[in-house]
Amino acid sequence: MDRILRVDMTDRTAALEPLPKRYKQRAGRWLTSSIVHDEVPATCHPLGPNNKIVFSPGIVTGTSSPTSSRISVGGKSPLTGTIKEANAGTGWGRRLARLGIRALVVEGQPKEDDFWLVKVAADGATFEPAGEWTGKKLSEVYPEVFSKHGGEKAIDVCSIGVAGERRMAASGVCFNDQEGRPSRYAGRGGLGAVLGSKGLKFLVVDDTGASDVPIADPERFDEGRRKMAAALNEHAITKPKGALNSYGTAVLVNIINEAGALPTHNFRLGRFEGAAKIAGEAIFQGNKERTGSELYNHACSPGCIIRCSNTWHRADGSEHTSCLEYESAWALGANCGIDDLDQVAELNQLCNEYGLDTIEVGGTLAVAMEGGVARFGDGRRAIELVHEIGRATPLGRILGSGALVTGKAFGVERVPHVKGQNMPAYEPRAIKGIGMTYAVSTMGADHTSGYTIAPEILGVSGKLDPLNPDKAELTRNFQYATAFIDTTGHCLFIAFAILDIAAGFEGMINECNGVLGTEWIDDDVTRIGKEILDLEREFNRRAGFTKLDDRLPEFMTRETLPPHDAVWDVPDRVIDSVFGR
Ligand code: SF4
């Protein structure tokens, strides 16, 4: 039976309740955004007792569907003040789905400043003090938590790091990967700080005794699953030994640099001289030289057949960090002018250790460099600055609050953000569609809310001129489709295959129909995507956001970006036409 597990941190109680009928078909982002919309007062303080944090596995999470072990995490963001959904690939969500828990809602706030571990199992949840594990690096404490609670076969772990404990807005929510590393993040929006504000250090899920996820129409599900797997195995980007499997997401560094859209030196330039040194190909080659192996990519979560996650190794062949994603290599590398992979890897690992969002931290370091705190390219100083965040020094607290606060503290105008969230790794002046996505996303500057890079740069689903500003329909359609994918529990990287291969798209819908017993068709993807966006936009409206918040920073309309020498020139009326207001 589908249930909601409510964990109230005020008096440390937990209760299972049946999933309300109106949520019957909802899961993943659709359900987290529904619950946040319905239960969280939009004007509440994100770190106060009235905010809630909601976890929900996707519709097909926990089944044999490929690449579908995502867990959505939702709440009101302390970074942006908007609604937020971030998701991660991990076995944690699969276990929750197998327990029949469609949503786990954490609410309330303890009176004392203690931290707790909540263990979720078939009969509900139990609480135990977690103070002994606070103030430490996550790689030190995860093995102890695994060992105390049955090991990696029995449990998966969700947690915050010291940044979340200190309620910093750049903190993320961390999950373990398949090897037990604390490395998979629902990173953006500062949701780690919300967990910290509730005194919740660990959420452990033990699915011992759970049954398989029920499937209403096994034949239909199986047909959908097979079509999805076939599409993923066929497409050049997602297939075995394809782009993602061979070089990880960092394969994009050279591609986006070549397109003149790799933000460099805090969004001053569109190309980075050292791009090739931090690209996926360099990670592949460096690992090969240091380990003698070409097979370093792995699946971050059970059942992924794309297997894009990498591991970077030190000169002595020992493991340094996992995963070094495109966004992280860019944020901590090109955007800060750092081209030394070992330094970039150390910055990445420190973010993993302290529980930080690599994109926000990279953006913040670049703004701090702009403000004279360090020189661009000074990797050693950048590492010291991330340690300042980990120690929560006064400077570290400013940096841990994100790029916008850091810009204010150091008198910097060039803060490339929307609604307080630093932009990710695609220059909007050089790729207009993604800029429009940043502008109108319900969550601040966020590439994953509508990845128009697919047609604008990669030639997936057609090929569009990235400099053409006429992209209102494109960004709207991508945001609707993405909201649906975030609801299914699939990793967003399936999008490359299902956008180009019609049978894959059909497969995704039929997997959902098979699990839920629904009769959804193509149009329902748009219908449901729109419904999700409408809920999120309504929450933001109630929180006080208007169309005037859907704007890119003024400096981008004024400063030209080399090599295209382009400015941000999409008229406000075109931006406002995306969602028709
Ligand atoms: S494609 Fe990559 S990020 Fe997505 S689930 Fe697979 S390994 Fe994880």
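1. Ligand shell. The shell around the ligand holds seven nonpolar residues, three polar and one charged. Here Ala, Val, Leu, Ile, Met, Phe, Trp, Tyr, Cys and Pro count as nonpolar, Asp, Glu, Lys and Arg as charged, and the others, Gly among them, as polar. The residues around the ligand include Arg 184, His 298, Cys 300, Cys 304, Cys 308, Cys 491 and Phe 493.

2. Basis. This is a predicted model, in which local features need pLDDT of at least 70 and side-chain atom pairs count only at pLDDT 80 or more, while totals for chains, interfaces and linings use all residues. Residues are numbered from 1 along each chain as its sequence is written, and side-chain values use heavy atoms, with hydrogens and water left out.

3. Ser 322. This residue sits in the loop between strand S14 (319-321) and helix H11 (326-332). Helices (H or I, at least four residues) and strands (E, at least two) are DSSP runs, numbered from the N terminus. Ser 322 is buried, at 3% relative accessibility. Buried means under 20% relative accessible area, exposed over 50%, and partly exposed in between (1.4 Å probe, protein chains only). The Ser 322 side chain comes to 2.7 Å from the backbone oxygen of Asn 310. Leaving out residues up to four places away in sequence, Ser 322 touches Asp 177, Arg 181, His 298 and Gln 349, among others. Contact means heavy atoms within 4.5 Å.

4. The sheet. Six strands make an open, mixed sheet, ordered S2-S1-S6-S3-S4-S5. Strands S2 (13-18) and S5 (83-89) are the edges; each has a single partner strand, so one side of each lacks a neighbour in the sheet. Neighbouring strands are turned by 20 degrees against each other on average, direction ignored. Two strands pair if DSSP finds at least two bridges between them.

5. S1 and its partners. Strand S1 (residues 3-8) runs parallel to strand S6 (residues 101-107), with six bridges. Asp 8 has Glu 107 of S6 as its bridge partner. S1 also pairs with S2, antiparallel, over six bridges. In that pairing Arg 6 stands opposite Ala 15. S1 and S2 form a hairpin with four residues between them, and Arg 12 in the turn has a positive phi of about 55 degrees.

6. S3. What makes S3 largely enclosed? Five of its five residues are buried, so the rest of the structure largely encloses it. Ile 53, Phe 55 and Pro 57 lie on one side, Val 54 and Ser 56 on the other. In a regular strand the side chains alternate between the two faces of the sheet. S3 runs antiparallel to S6, joined by three bridges, and Val 54 stands opposite Val 105 in S6. S3 also runs antiparallel to S4, joined by four bridges; there Phe 55 stands opposite Val 73.

7. Helix H2. Residues 91-98 form helix H2, which packs on the sheet and touches strand S3 (53-57), strand S4 (70-76) and S6. The direction of H2 makes about 80 degrees with that of S3. Axes are lines fitted to C-alpha atoms, for helices over the stretch in contact, and angles run from 0 to 180 degrees between N-to-C directions.

8. Ile 35. This residue belongs to helix H1 (residues 28-39). Ile 35 is buried, with a relative accessible area of 0%. Beyond its neighbours within four places in sequence, Ile 35 contacts Ile 4, Tyr 23, Val 40, Val 54, Ala 103 and Val 105. The C-alpha atoms of Ile 35 and Ile 53 are 9.4 Å apart, with 18 residues separating the two along the chain.

Definitions and conventions
Near = heavy atom within 4 Å. Polar contact = N/O pair within 3.5 Å; in protein donor to acceptor, adjacent residues only side chain to side chain.
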